[in-house]
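Here is a short briefing on one protein model. Look over the sequence and the structure first.

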Amino acid sequence: MTLKDAMRARHSVRAYIDKPIDQKSLDALSLCIKECNAQGDLNIQLVTNEPNAFGKSFLAHYGKFSGVKNYVALVGKKCKNLEEKLGYYGEKIVLLAQTLGLNTCWVALTFKKIKNAFTINKGEKLVAVISIGYGKNQGVPSKNKPLDKVCEFNGKSPAWFLEGVSAALLAPTAINQQKFFFTEENGTVTLTAGVGPCAKIDLGIVKYHFEIAAGKENFKWKV
Ligand SMILES: Cc1cc2nc3c(=O)[nH]c(=O)nc-3n(C[C@H](O)[C@H](O)[C@H](O)COP(=O)(O)O)c2cc1C
């Protein structure tokens with residue numbers, strides 16, 4: 001399964017079967033996390049066999065999670081773009097997981113922070129977690145906004161731009177808000193975040209989807 005296939009196949013999954021993640025997949029996830037941490041100067045950690053973050057608390061019930069025993073803790077040094085960075089690298093882990101036959105769900109609210117399950121060093125922050133495991137199902141497609149609500153395009157817009165924006169619409173966003181907007185001029189792409197819960201995390205997630213489908217070699221991000 002390619003990353004493009006993974007983007008189409010991925011939907012949030014909140015109910016998992018009682019099956020440990022196989023060793024090969026654990027190794028692949030650990031390697032990916034190590035690379036993300038090195039590239040992004042982050043402290044992302046994979047937590048396995050820890051059922052309490054999604055135990056029988058009010059919050060987990062509210063979020064309709066069941067059988068969650070593994071998750072990725074998205075931790076990094078506090079800085080201006082920490083949320084965006086963790087969004088970008090977190091989604092890289094999510095799409096790798098999908099190619100390995102695993103399911104995931106981004107979770108910013110409906111989990112409990114368990115002491116000693118992972119490390120948050122001085123000056124660091126936990127931004128969100130991603131539940132991970134073998135789903136009871138593959139989830140369901142969410143309703144997407146139409147293309148013209150999330151980008152400016154015309155007859156001259158390059159094909160790679162439209163491919164990128166279409167892939168961005170497949171990305172998970174908090175409460176499916178899809179509050180982002182793309183514009184393109186002479187190969188330079190501008191991505192603006194809307195106002196809403198976790199909008200900066202969403203921005204990083206969406207950026208990763210866009211890059212995969214548009215092809216990094218075709219454009220530059222406006223900084
Ligand atoms: C940053 C972020 C935070 C999220 N937080 C939660 C959460 O706390 N609880 C929950 O059940 N789902 C959460 N979600 C999952 C979204 O509701 C889900 O991605 C969205 O509805 C789109 O559905 P899809 O992922 O199946 O495409 C979160 C997603 C993102 C990107």
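The notes below cover the domains, the core and the ligand shell.

This is a predicted model: local features need pLDDT of at least 70, side-chain atom pairs count only at pLDDT 80 or more, and totals for chains, interfaces and linings use all residues. Residues are numbered from 1 along each chain as its sequence is written.

**Domains**
- The assignment gives domain 1 (3-133) and domain 2 (147-221); such bounds come from an automatic or database domain assignment.
- Their centres, taken over C-alpha atoms, are 23 Å apart.
- 18 residues of domain 1 are in contact with 17 residues of domain 2 (contact: C-beta atoms, placed from the backbone, within 7 Å).
- On the side of domain 1 that touches domain 2, H4 gives the largest share, 9 residues.
- By class, that side of domain 1 has 8 nonpolar, 3 polar and 7 charged residues (nonpolar: Ala, Val, Leu, Ile, Met, Phe, Trp, Tyr, Cys and Pro; charged: Asp, Glu, Lys and Arg; polar: the others, Gly among them).

**Core**
- The largest nonpolar core has 60 residues (buried Ala, Val, Leu, Ile, Met, Phe, Trp, Tyr and Cys joined through C-beta atoms within 7 Å; buried: 20 or more other C-beta atoms within 10 Å of the residue's own).
- Helix H4 (residues 82-99) gives the most to this core, with 9 residues (helices: DSSP runs of H or I, at least four residues, numbered from the N terminus).

**Ligand shell**
- 22 residues surround the ligand, the closest being Ser12, Trp106, Leu109, Pro172 and Asn176 (cut-off: C-beta atom, placed from the backbone, within 6 Å).
- The shell divides into 12 nonpolar, 8 polar and 2 charged residues.
- Each of domain 1 and domain 2 supplies at least three residues of the shell.

Notes: A residue is buried if 20 or more other C-beta atoms lie within 10 Å of its own, exposed if 12 or fewer, and partly exposed in between; C-beta atoms are placed from the backbone. Helices (H or I, at least four residues) and strands (E, at least two) are DSSP runs, numbered from the N terminus. Two residues are in contact if their C-beta atoms, placed from the backbone, lie within 7 Å.
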